[in-house]
Amino acid sequence: MPLRHYPITTLWFIFIYIVCLMPVPETPLNHVIGIDKFVHLGLWLVASLIIWFEYSRAPQRYKPRRPLLLTVILPILCSGSIELLQAYATTCRSGDWFDFLFNSAGVLLAWAVVVMVKVRFKV
C-alpha cells in the first residue's frame with residue numbers, strides 16, 4: 001500500500017503525533033471540563049474519515065481486502081502507541097486510558113458514519 005495513494009492520511013497522522021507529543025500550551029480552554037477528551041475524539045474521527053475517503057479513491061490494487069484493518073484497527077493501534085509514548089517516552093505529557101477510549105470512540109464513530117452513508121446512498 002504505497003503512501004502516495006494516502007497523502008492526506010499520512011500528513012494527518014504526522015500532525016497528530018506531533019501535536020500529541022509536544023507540551024500542551026496554556027489556553028483559556030484548559031479550564032473547560034472535558035475539552036481534552038473531545039479534542040481526542042475529533043482528531044481520530046477526522047483521521048478515520050480521511051482514511052475512508054482516500055481508501056475509496058485509491059486504485060483497486062492499493063486497497064486492502066479487509067478495509068477494517070486499515071480504517072479501524074490501524075488508527076486505534078496508532079492512538080494507543082501515542083498514549084504509550086506519552087506515558088513512557090516523554091516528560092511533558094502523560095498517557096491516559098480515557099484519552100485512548102475517546103480516540104477509539106472517534107474511530108468507531110467515523111466507521112458508523114461511513115456505514116450509514118453507504119447504506120443511505122447505496123454506495
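Helix 1 and helix 2 cross with a left-handed sense. The model that shows this crossing is predicted. The chain holds four helices and zero strands, and its pattern along the sequence reads α-α-α-α.

**How helix 1 and helix 2 pack**

- Helix 1 covers residues 7-21, and helix 2 covers residues 35-57.
- Their axes lie 8 Å apart and form an angle of about 165°.
- Angles over 145 degrees count as roughly antiparallel, and the two helices are therefore roughly antiparallel to each other.

**Residues at the contact**

- Helix 1 contributes Pro-7, Ile-8, Thr-9, Trp-12, Phe-13, Phe-15, Ile-16 and Cys-20 to its contact with helix 2.
- On the side of helix 2, the residues that meet helix 1 are Leu-43, Trp-44, Val-46, Ala-47, Ile-50, Ile-51 and Glu-54.
- Sorted by class, this contact of helix 1 with helix 2 comprises 13 nonpolar residues, one polar residue and one charged residue.

**The chain as a whole**

- The C-alpha trace spans about 45 × 30 × 20 Å along the principal axes of the chain.
- Of the 123 residues in the chain, 33% are buried.
- Among contacts in the chain with a separation of 6 or more, 77% are between residues 24 or more positions apart.
- The chain has an accessible surface of about 8,200 Å², and carbon and sulfur atoms account for 74% of that surface.

Conventions
Residues numbered from 1 in each chain as written. Predicted model: local features only at pLDDT ≥ 70, side-chain atom pairs only at ≥ 80, totals over all residues. Heavy atoms only, no water. Axes fitted to C-alpha atoms, helices over the stretch in contact; angles between N-to-C directions. Parallel < 35°, antiparallel > 145°, perpendicular 65-115°, else oblique. Left-handed = near helix turned anticlockwise from the far one by under 90°. Contact = heavy atoms within 4.5 Å. Nonpolar A, V, L, I, M, F, W, Y, C, P; charged D, E, K, R; others polar. Buried < 20%, exposed > 50% of the residue type's maximum accessible area, 1.4 Å probe, protein only. Areas by Shrake-Rupley, 256 points an atom, 1.4 Å probe, with all protein chains shown as cover.
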